[in-house]
Amino acid sequence: MNSRPEGIDLAARSRARRRALQALYAWQMSGSSMTSVIDQFRHEQDMEVADLDYFEDLLRGVERHVEAVDEALKPYIDRDVGQVDPIERAVLRLAAYELKFRPDVPYRVIINEAIEVTKRFGADHGHSYVNGVLDKLAAQARPTEKGE
């Protein structure tokens with residue numbers, strides 16, 4: 001079964017998520033505007049190998065919906081969102097945005113990508129925490145898809 005939408009480069013999307021994580025981390029830590037963070041990443045990163053439209057959608061979507069994203073995460077985390085490790089917070093926000101606002105992306109892809117990027121950039125066992133939170137959020141945000 002090939003459920004991949006036509007014309008989507010999955011590797012470029014994966015790179016876009018990794019770059020978006022780095023940019024979201026910079027946004028969280030610097031307090032800069034999202035526009036300036038996006039401009040900086042466009043200038044400094046090798047963006048032609050990533051899905052630039054998806055990169056921008058992720059970042060602008062998190063920025064626009066950060067309160068709704070944080071509220072969606074709140075029941076599944078054991079502390080205030082602001083106290084979650086900054087890398088894990090960025091991963092959770094990106095994945096929660098995708099789960100809530102990008103129904104075109106299968107929840108399994110979102111969770112798998114979040115786990116992989118946390119293994120790469122996060123704390124030693126951060127991926128286990130991210131997996132647990134996102135699995136519970138997916139059950140709430142995508143009940144019909146999750147119930148397959």
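**Salt bridges in the predicted model**

A: D70 is a buried residue in this predicted model, at a relative accessible area of 15%.

Q: What does the D70 side chain meet in a salt bridge?
A: D70 pairs with R93, with 2.7 Å from N to O.

Q: Which helices do D70 and R93 lie in?
A: D70 belongs to helix α3 (residues 52-73) and R93 to helix α4 (residues 86-101), so their contact ties together parts that are 23 residues apart in sequence.

Q: And R93, is that buried or exposed?
A: R93 is buried, because its relative accessible area of 10% falls under the 20% cut-off.

Q: How many salt bridges are found in the whole structure?
A: The search of the whole structure gives 11 salt bridges.

Q: Turning to D104, which residue does its side chain meet in a salt bridge?
A: The partner of D104 is R102, at 2.7 Å from N to O.

Q: What is the relative accessibility of R102, and what is that of D104?
A: R102 has 15% relative accessibility and counts as buried, whereas D104 is partly exposed, with a relative accessible area of 40%.

Q: Now E116: which residue does it form a salt bridge with?
A: E116 forms one with K119, and their closest N and O atoms are 3.7 Å apart.

Q: Where do E116 and K119 sit relative to each other?
A: Both are in helix α5 (residues 107-121), three residues apart, so about one helical turn separates them. K119 counts as partly exposed, at 48% relative accessibility.

Q: Which residues are joined into one network?
A: R17, E98 and E113 are joined by salt bridges that share partners.

Note on methods: Residues numbered from 1 in each chain as written. Predicted model: local features only at pLDDT ≥ 70, side-chain atom pairs only at ≥ 80, totals over all residues. Heavy atoms only, no water. Salt bridge = Lys/Arg side-chain N within 4 Å of Asp/Glu carboxyl O. Helix = DSSP H or I, 4+ residues; strand = E, 2+ residues; numbered from the N terminus. Buried < 20%, exposed > 50% of the residue type's maximum accessible area, 1.4 Å probe, protein only.
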